[in-house]
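Please look over the sequence and the structure shown here before reading on.

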Amino acid sequence: MNYLRAENLSKHYGDRTLFENITISVEYGQKTALIAKNGTGKTSLLNILAGKDIPDSGNIVISKEISMAFLEQEPAMIPTFTVWETLFSGNNELLNAVAEYEKVLEEQEHDHSDASMNKLQEAMENMDRLEAWDYEARVKQILSKLNIHHVEQKVSTLSGGQRKRLALASILIHNPNFIIMDEPTNHLDVQMIEWLEGYLKTQDVTLLIVTHDRYFLDNVCNEIIEIDNGQLYRYAGNYAYYVEKKADREFREGREIDKAKNLMRKELEWMRRQPKARGTKSKSRIDAYYDLKEIASKRIDNKQVQLDIKMQRMGGKILEVHRINKSYGDFKIVNDFSYKFKPGERIGIVGKNGVGKSTFLNMLLGIEQPDNGRITKGETITFGYYSQTGLEIKDDRRVIDVVKDIAEYIELNKGEKLTASQLLKRFLFDDKQQFTYVSKLSGGEKRRLFLLTILMKNPNFLILDEPTNDLDIATLNVLEDFLADFKGCIIIVTHDRYFMDKLAEHLFVFEGDGIVRDFNGNYQDYLDELEELKLEQKTESNKIIEQSPVKNSSQQIRKPTFNEQREYELLTKEIEQLESKKVELESCLNAGSSNHEELINWGKELQQTKSMLDEKGLRWLELDEIIN
């Protein structure tokens, strides 16, 4: 079944052509990745297909029998809505039943009247009637995996990353037939990405995705389409297949263009020899000449970012960390950690959100100080910090001025000097773009400019915090090759597992409670170790079950009372809220505060929350054994 068909689409911005007369179709069951260089129209094409923009020419037909959703890079939401209202907006009866049940459960925490009990009973009966319990479990799983807990929070108070996760959760909950996604892995940690991969692979859903995450692409998508030089090409296979076939295509096109140029020279001589007034020219040969001229005039745009910036000389002493500790109240970030960096090390940092990775980087950079212990930096060390926040500059600045503010000239590895304009061209900013305002750049172009401003300072110790966000795959490949040859030290924090595996030689694993483990291996080695540990624990658990005495049937079977069922539901809700509160307090402590008393109060409140979780968790386990 054809879900979507777009024919002869064209889009221009001024005299810049994004794509010309391209045709794209999406069939039922396809999971398609869209690849293109930054600034060549990926997001524009998705906006057109989703009805958010209109093409200059062409037409789009979408099947009326399907439901479609669009995950934008920066989702538009109603700021006055709560998280709950955003998630459950719509007229889906099943979804409304789940929403009503969850709402009544929440009210039960404050209202224990008979009327409230009756409302709960009605909500549960409605869930039974619609057989909505499995659906409710799926909703809870989605919210839990995407770390969405504070459902009464207003959308206006959410960060960009929280909005992206909320928009993704809303789409998955509504379960449309066809989803268009623009960079779905941005703002997700590795655990969330791996869960999303598994979820999308098992769902009967058709996908069109823009992503720079090559592992995600390989694990989810079964075909790739590429916009290149304004044209669209399709590849039925994974990323490795795409790279191979793209190289074959460009080689064949290059040969065709060279052949057409040689033949055109002869045809041009023939055209010039023929008198204009004579009507004996072969019309077919003239037409063939103009077709040939069109082929010979084609240009293969295979320009890539050139990264050959000179590195500062590195001395014997690099960076030494001596028994540092860092805590906010009872929340420990680093406990008695020591490390002596060696020349050329490439270290990846792994850990869940909120464990203190950013605080750790800030201590290495000298932005924050440890509670005790010390960090000493070698005299020759120059940091290059590629932060998540990106280029912090006014949008009314021109690209060329941003670079000139740092230096008019830059020295390369072999002693060659480049002007600011020449350097920008190496980063694929042509003469016209150099005088463009920063506000007019795409997200990927801004990140590319930010990378340039970092490397211009000739660092010998790079700290890269989510460097892959918004960069196209072609630029990532060049960046990876540059970093592989980089002689200085590198620390990488990224959710892009392909990038991490290719560059990191060992890991700092933030395990929580201040424990930072130095793991000798890359990220895939770390995952393999975790999988082996899970298997060992499962085997040990099975042995314990086998050795346990079997209870008699009267002990095994007991139906829960209505009050036990109700208490179980309320405890589940309370534990979720306490978990959310715990995460929030840990985030507050991790972010820090200039108010020392506030930090102490957060620490005390965190300890109380943990105690309540332990107490309620034990009772929940007792009830869970009875009910499940």
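## Cavities

The lining of the second largest cavity comprises seven nonpolar, two polar and no charged residues, where Ala, Val, Leu, Ile, Met, Phe, Trp, Tyr, Cys and Pro count as nonpolar, Asp, Glu, Lys and Arg as charged, and the others, Gly among them, as polar. This is a predicted model, in which local features need pLDDT of at least 70 and side-chain atom pairs count only at pLDDT 80 or more, while totals for chains, interfaces and linings use all residues. Residues are numbered from 1 along each chain as its sequence is written, and side-chain values use heavy atoms, with hydrogens and water left out.

A search of the whole structure finds two cavities of 30 Å³ or more; on a 1 Å grid over the protein atoms alone, a cavity is a set of points where a 1.4 Å probe fits but cannot get out, a pocket is an open set with protein on both sides within 12 Å along at least five of seven lines, and lining residues have an atom within 4 Å of a point. Grid points are joined across faces, edges and corners, and a volume is the space filled by probe spheres set on the points. The second largest cavity, with a volume of about 40 Å³, is lined by I171, L172, N175, P176, I179, Y199, L200, Q203 and V205. At least two residues of that lining come from each of α6 and α7 (190-202), helices (H or I, at least four residues) and strands (E, at least two) being DSSP runs numbered from the N terminus. The largest cavity holds about 50 Å³ of space, and its lining divides into five nonpolar, two polar and three charged residues, among them K42, E183 and D472.

## The second largest pocket

The second largest pocket has a volume of about 430 Å³, and of the 18 residues that line this pocket, F70, A76, A167, S170 and I171 are the closest to its centre. Two or more lining residues come from each of β5 (68-71), α2 (83-87) and α6 (160-174), and α6 gives the most, with four residues. The lining of this pocket has eleven nonpolar, four polar and three charged residues.

## Two crossing helices

Helix α3 (residues 93-108) and helix α5 (residues 133-145) have axes that come within 10 Å and cross at roughly 70°, where axes are lines fitted to C-alpha atoms, for helices over the stretch in contact, and angles run from 0 to 180 degrees between N-to-C directions. In this contact (heavy atoms within 4.5 Å), L94, L95, V98, Y101 and E102 of α3 meet W133, Y135, E136, V139 and K140 of α5.

## Strands and sheet

Strand β1 (residues 2-13) and strand β2 (residues 16-27) pair in the antiparallel sense over eight bridges, pairing being assigned if DSSP finds at least two bridges between two strands. The two strands β1 and β2 form a hairpin with two residues between them, and G14 in the turn has a positive phi of about 65°.

Six strands form an open sheet of mixed pairing, in the order β14-β17-β18-β12-β19-β20. Because β14 (383-386) and β20 (515-519) stand at the edges with a single partner strand each, one side of each is left without a neighbour in the sheet. Strand β19 (residues 506-512) runs antiparallel to β20 and is joined to β20 by five bridges. Helix α15 (residues 443-455) lies across β14 and β17 (461-465), running at about 170° to β14.
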